[in-house]
Structure formats: structure tokens, C-alpha cells
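Biologist: I have not looked at this one before. Can you walk me through it?

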Amino acid sequence: MDYGKAIRIGRAIAGLQQKELAELARVNPSHISLIEFGKRKPSLDTVEKLAKALQIPDHLLTLLAAEPEDLDLEDPKELERAAQGLAQLLFRHAAHSRFRGKLPLFSKKT
């Protein structure tokens, strides 16, 4: 899993710097930097905090982090297409939202 890649994509979509994401997620900015550079692996708790701060479900952040070798796929390009489609969907939502950063991209049903 490459959570560094996923966090960079999420930050780009949200228009956040590492420090801003760290404040929203209540995580040390250096920890985010280490994750993005592949020096650290985030805990489940950290993934949940980052996903919440990025306003995306944690399972979608995990999908963005997945690498072909992480999944049992017949066609490794399948994951790439899914991740690209997800990123495009999120970018479109962010670009068309008047309230960018104010409303969650997806709401969890309780």
C-alpha cells in the first residue's frame, strides 16, 4: 500500500498543504511528510483521521493507496483504472462545489 501517494492525491483534491492537513487531522506535520515519502506506514487510526480531514471515506483513501501487488487482480491495470476514475470523480466534485472544503464529498450513513 502506498498511503503517501493516496495522501498526496487527497491533499491535491482538497487544496491543502501538509501543515493544513496535519492541523485538521490533529497529526504531526512531520508524520504526514514521512508517510508521503514512504518512510512511515500510517496506523489505522491515522488513516481514519486523515480521511476524515480530507472529507473522503477511509476505504476510498485505502483504494487510492492500493498497488497492483496488494490485490488479487487478473489485470493489474484494473486497479489503475479504478483509482484514476475515483480521482477524476473527486476532482470534478471539488471543482464544481461552491463550498469546496466546507461540505463532505461523501456522507456516511449511520
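This is a predicted model: local features need pLDDT of at least 70, side-chain atom pairs count only at pLDDT 80 or more; totals for chains, interfaces and linings use all residues.

Biologist: What percentage of the residues count as buried?

Modeller: 34% of the 110 residues, where buried means under 20% relative accessible area with a 1.4 Å probe, protein chains only.

Biologist: Which residues have the most contacts inside the largest nonpolar core?

Modeller: Ile7, Leu21, Ile32, Leu50, Leu54 and Leu61, in a core of 22 residues. Such a core is a set of buried Ala, Val, Leu, Ile, Met, Phe, Trp, Tyr and Cys residues joined through side-chain atoms within 4.5 Å.

Biologist: And which helices supply it?

Modeller: H1, H2 (18-25), H3 (29-36), H4 (44-54), H5 and H6 (77-96) each supply at least two residues. The largest share, five residues, comes from H4.

Biologist: What does Leu50 touch?

Modeller: Ile7, Leu21, Ala25, Ile32 and Leu61, leaving out residues up to four places away in sequence. Contact here means heavy atoms within 4.5 Å.

Biologist: Changing topic, at what angle do H4 and H5 pack?

Modeller: About 105°, with their axes 8 Å apart. Axes are lines fitted to C-alpha atoms, for helices over the stretch in contact, and angles run from 0 to 180 degrees between N-to-C directions. H4 and H5 are therefore roughly perpendicular to each other, a label for angles of 65 to 115 degrees; under 35 is roughly parallel, over 145 roughly antiparallel, and the rest oblique.

Biologist: Which residues make that contact?

Modeller: Val47, Glu48, Leu50, Ala51 and Leu54 of H4 meet Asp58, Leu61 and Thr62 of H5.

Biologist: How do H1 and H5 pack?

Modeller: H1 (residues 3-14) and H5 (residues 58-65) pack at about 120°, with axes 7 Å apart. That makes H1 oblique to H5. From H1 the contact uses Tyr3, Lys5, Ala6, Ile7 and Ile9, and from H5 it uses Leu61, Thr62, Leu64 and Ala65.

How values were computed:
Residues are numbered from 1 along each chain as its sequence is written. Side-chain values use heavy atoms; hydrogens and water are left out. Helices (H or I, at least four residues) and strands (E, at least two) are DSSP runs, numbered from the N terminus. Buried means under 20% relative accessible area, exposed over 50%, partly exposed in between (1.4 Å probe, protein chains only).
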